[in-house]
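This briefing looks at how side chains meet inside the chains and across the boundaries between them. Please keep the sequence and the structure in view while reading.

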Protein chains: 4
Amino acid sequence: MQKITILIHCKDQKGIIAAVTTFIAKVEGNITYIDQHVDVEQNVFFMRLECELTNHHITIDNLKSDFDKTIATDFDMSWDLYNQEQKPKMALFVSKYDHCLFDILGRYSAGELNVEIPVIISNHNDLRSIAERFDIPFHCVPFTKDNKEEGEAKQIELLQRYQINFIVLARYMQIITPNLIALYENKIINIHHSFLPAFPGAKPYHSAFKRGVKIIGATSHYVTAELDEGPIIEQDIARVSHIHSVDDFIMKGRDLERIVLARAIKLHAERKTMVYSNKTVVFS
Amino acid sequence: MQKITILIHCKDQKGIIAAVTTFIAKVEGNITYIDQHVDVEQNVFFMRLECELTNHHITIDNLKSDFDKTIATDFDMSWDLYNQEQKPKMALFVSKYDHCLFDILGRYSAGELNVEIPVIISNHNDLRSIAERFDIPFHCVPFTKDNKEEGEAKQIELLQRYQINFIVLARYMQIITPNLIALYENKIINIHHSFLPAFPGAKPYHSAFKRGVKIIGATSHYVTAELDEGPIIEQDIARVSHIHSVDDFIMKGRDLERIVLARAIKLHAERKTMVYSNKTVVFS
Amino acid sequence: MQKITILIHCKDQKGIIAAVTTFIAKVEGNITYIDQHVDVEQNVFFMRLECELTNHHITIDNLKSDFDKTIATDFDMSWDLYNQEQKPKMALFVSKYDHCLFDILGRYSAGELNVEIPVIISNHNDLRSIAERFDIPFHCVPFTKDNKEEGEAKQIELLQRYQINFIVLARYMQIITPNLIALYENKIINIHHSFLPAFPGAKPYHSAFKRGVKIIGATSHYVTAELDEGPIIEQDIARVSHIHSVDDFIMKGRDLERIVLARAIKLHAERKTMVYSNKTVVFS
Amino acid sequence: MQKITILIHCKDQKGIIAAVTTFIAKVEGNITYIDQHVDVEQNVFFMRLECELTNHHITIDNLKSDFDKTIATDFDMSWDLYNQEQKPKMALFVSKYDHCLFDILGRYSAGELNVEIPVIISNHNDLRSIAERFDIPFHCVPFTKDNKEEGEAKQIELLQRYQINFIVLARYMQIITPNLIALYENKIINIHHSFLPAFPGAKPYHSAFKRGVKIIGATSHYVTAELDEGPIIEQDIARVSHIHSVDDFIMKGRDLERIVLARAIKLHAERKTMVYSNKTVVFS
């Protein structure tokens, strides 16, 4: 029995749900999950559907082809159909901070993440030994002011070699170049250590401390050309008070960063996120 | 234009969603919200749907009748269909604590609650002046060991006189009698001042303090014959520490009680809750 | 038996705690609460102390005088000493939103707030009937572009007439004038409907919705000359998702605003806040 | 410069704080942190103090001896004095679940925990390879109904060989024997996967699911002879709803377990916890 996930978005119109669910019924699919959302302002319809295909004569390729010719055309849909058994391939980008890396590799080893991690790429060599401890290939691609093009080319070559589907910046301390962003649109996940849009850019814990906030946060988002302005996937917060120093903020923040990044990875890997108007629809 | 809400539950079967959404399309209804849930263990399907009726020739009564004869019969559904303009009538039961009463009446006066409150019933006279301040009829129905039947009869008479649809126990300190529970099945909402199932019964803050918990909570639930065992609608918590006394627990708990009860009232009044197997499905 | 609260801040030095606690022991005071904080960066010491005076021959005035001449002089302290029985007098400023007003007056009537509320001042007449319902004098002081000086003068006259100690802006939609801020330095509490410093200024819920945040917040702070830049007293947040409209944000935010403002009022009224470097020390 | 931490508890009496802070001043100590708590009900005083010893002629042993003879005797104190440079030695007990183990070892490797981990002890061999990956000795001490005494003896022998100061049960699925509990009183930390006292014992997520709670939790506590009844160190919660299956509860719970156990380890390792009346005082 095959299990598939379908993601759809299109202009909101009457009868979409009826049409899609009728289509699934016809191909003898058993819907195990369905959720939909209408952005009333923008008049856009979103749907996420999981189903089991009980008829062995229907292949996923047939299904895609049928869906494309009928429903998808009728409603002018943007859509994706995934075989749930195919785990997406995820590249990890890191620099010197190791806490998110340890957390992701621990979860990966414990079988919590529905991904494959074929490669870790870094602009420094500091974390190589961690990658080796978890038996994952590690490539150092240094970045300086003068070698940006070369560095980007090397990154892209590695991503293609390892057939990477999406990228996770686990406290990667280097701006992602425009070509790479274009190549992986809505497929690069960053963790920023503040509750955006508060404290974008560098040293957010220091800024938060200076402002005297009572709450700190972390934000995972898709990377776009505008720094820290991409669609937010997940956020969480922790309470702080006058007794906490900047170092306490940083230490408390590590837990936030771990959790908020891990949640975003899971949501993306399980195809639960859709992006529209620089926002996410997160089916959870 | 009429707006309606439909709640459905039935045995899970293929094609329900397709059938319902096709039905709505046929009567020229515009679905503005739809959500569904399948309890896989129990094999039960739940759906909540909001739609606008754009065809003025179709009355709600016609619709009900059509729905009943076709879809509802085909799938052997339990269902309700509400006109969104008809606010449910809610009775408030109180005793001596005033904080939930003030909170509910404040929200009511501010237009936050989609209800009418035609009557406040209490087993004491202490809060009469608050009811008067908000111009709501107040009836004192004392309860003693010896007059339970009489008290219950008086309560039921009042509830019928005021055509009450559901009851909210805003820190009402008296056991609800079985006949009343039977009459208002899944329509009596209580607020219990602990995160159930921890600390059921009397004096939960004292028990929580004694146990040295680091978190206190509050729980709103539908009242059943088993004390504090009914279907949970909403819960929330607050952090406490060794510096807090029992009185601090009680004071912090007041905010929890207010919020958790108010959320339950809103959910129930907007027909977002369904009860099954002593649990709630909450469409939010 | 008299109960007092002492607040102290001064340059951090060795022996302060020993000196203060020895002083209290000498006057036969029984310390029931003591907390202190050192801002290491700024080298400032803060202390909050509650004690019971068991010797009836020692008046609060004597104590103040003694403290001033000895410890306070030795350590060059800024300090305040309060008789716990004297409730601070709080003025409420409102405009048209009623939810915070209902919440505060409900808490006030329920005896939760250690304050007196002798007056409500508004730039509109809309909420007059609520004030009357709670038997609190209501004064309308309209503000237009042309009458700012006159309006400010009238406000100050009222604040003096009612001997107001601190001011709470319960969604007061009018900029506070510089003279009033100067007169009530660190004694005007505002509630802003975002987790500052995100979304300062007007329409924060709309901005939050547009940005696609997954968390909204509210912030209570002391008012300074810089709009929404004053020392933060308390913040809290609520989760939102793609299913929530701007109106949902606003509705969820009402609960945040109520709670966060009420907590700030309690902290201030119980003399648990101190301000330094545009931040608060909150002894809780 | 040496840094020390002092923990004190004794009967509450006038003048303790003055005496202790005066003592520190005399030995030229610079207090960098001080916090105290009075359990009014039980009339017990608790204090935690950190200070820097600036006088090189005063050794920690001298200090201990002086303190013991003077203050500690005067006030009949229970007390401990720690050199902050001496990291406590922590043994990890595990069984088959790996998520807490990965989390702790990741944090340990990242330098977040102020401990040494000289040994991992398990009743199964499943997690041996993880221990090896992090270069930590792993000992399998099987437990069956018939070998409990032998197993306990082997555990105690290992704990002594590695000079273990405290034990962390990272989802160790075996009851700790009374002799071991007696040997490490208030020094064995367990993580239980519910917000105790709700759902003690086995399969708490299943019980929580069955009860239909809207919040799940995790609790770290010191192990006592009564199962899941020991002093609570830390708790946290996560929201769940009708859409979550038992497996979802378990998956969400893993993050709670990780975080709540890690916080307890940090608090214990930094000597921020004190136990009294089956409760903890947590200085944070």
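This is a predicted model: local features need pLDDT of at least 70, side-chain atom pairs count only at pLDDT 80 or more; totals for chains, interfaces and linings use all residues.

The side chains of D:Asn123 and D:Ser95 are joined by a polar contact of 2.8 Å.

- In chain D, D:Asn123 sits in the loop that runs between strand E6 (116-122) and helix H4 (128-133).
- D:Asn123 counts as buried because its relative accessibility is 8%, and buried means under 20%.
- Leaving aside residues up to four places away in sequence, D:Asn123 touches several others, including D:Val94, D:Ser95, D:Cys140, D:Pro142, D:Tyr172 and D:Gln174.

**The interface of chain A and chain C**

- Chain A and chain C each bring 33 residues to their contact, and the area buried between these two chains is about 2,700 Å², with carbon and sulfur atoms giving 54% of it.
- On the side of chain A, the residues that lose the most area to chain C are A:Arg211, A:Lys214 and A:His242, which together account for 27% of what that side buries.
- Between chain A and chain C there are 24 residue pairs in polar contact, and the side of chain A that touches chain C draws at least two residues from each of helix H7 (204-211), strand E11 (232-239) and strand E13 (279-282) of chain A.
- Strand E11 of chain A gives the most to that side, with 7 residues, and by class the side holds 15 nonpolar, 7 polar and 11 charged residues.

**Salt bridges**

- Side chains of opposite charge can pair when their charged atoms come close.
- The structure holds 68 salt bridges over all chains, and 4 salt bridges are found across the interface of chain A and chain C.
- A:Asp236 and C:Arg239 meet in a salt bridge of 3.4 Å, N to O, a pair that crosses from strand E11 of chain A to strand E11 (residues 232-239) of chain C.
- A:Asp236 is buried at a relative accessible area of 17%, whereas C:Arg239, at 36%, is partly exposed.
- C:Glu234 forms a salt bridge with A:Arg239, where the closest N and O atoms are 3.5 Å apart, and C:Glu234 also meets C:Arg263 in a salt bridge of 2.6 Å, N to O.
- C:Glu234 is buried, with a relative accessible area of 10%, while C:Arg263 is partly exposed at 29% relative accessibility.

**Aromatic rings**

- A pair of aromatic rings is described by the distance of the centres and the angle of the planes.
- Over all chains, the whole structure has 32 aromatic pairs, one of which is the edge-to-face pair of A:Phe23 and A:Phe67, at 5.3 Å centre to centre and with 80 degrees between the planes.
- A:Phe23 belongs to helix H1 (residues 16-26) of chain A and A:Phe67 to helix H2 (residues 60-74) of chain A, 44 residues apart, and both A:Phe23 and A:Phe67 are buried.
- The pair of C:Phe195 and C:Phe199 is edge-to-face because the planes of the rings stand at 70 degrees, with the centres 6.4 Å apart.
- One aromatic cluster is formed by A:Phe102, A:Phe134, D:Phe102 and D:Phe134.

Methods. Residues are numbered from 1 along each chain as its sequence is written. Chains are lettered from A and ligands numbered from 1 in the order in which they are written. Side-chain values use heavy atoms; hydrogens and water are left out. Contact means heavy atoms within 4.5 Å. Buried area is the accessible area (1.4 Å probe) that two parts lose on being put together, summed over both. A salt bridge is a side-chain nitrogen of Lys or Arg within 4 Å of a carboxyl oxygen of Asp or Glu. A polar contact is a pair of N or O atoms within 3.5 Å; within protein, one must be able to donate a hydrogen and the other to accept it, and residues adjacent in sequence count only if both atoms are side-chain atoms. Helices (H or I, at least four residues) and strands (E, at least two) are DSSP runs, numbered from the N terminus. Ala, Val, Leu, Ile, Met, Phe, Trp, Tyr, Cys and Pro count as nonpolar, Asp, Glu, Lys and Arg as charged, and the others, Gly among them, as polar. Rings of Phe, Tyr and Trp (its six-membered ring) pair if their centres lie within 6.5 Å; planes under 30 degrees apart count as stacked, over 60 as edge-to-face and the rest as tilted. Buried means under 20% relative accessible area, exposed over 50%, partly exposed in between (1.4 Å probe, protein chains only).
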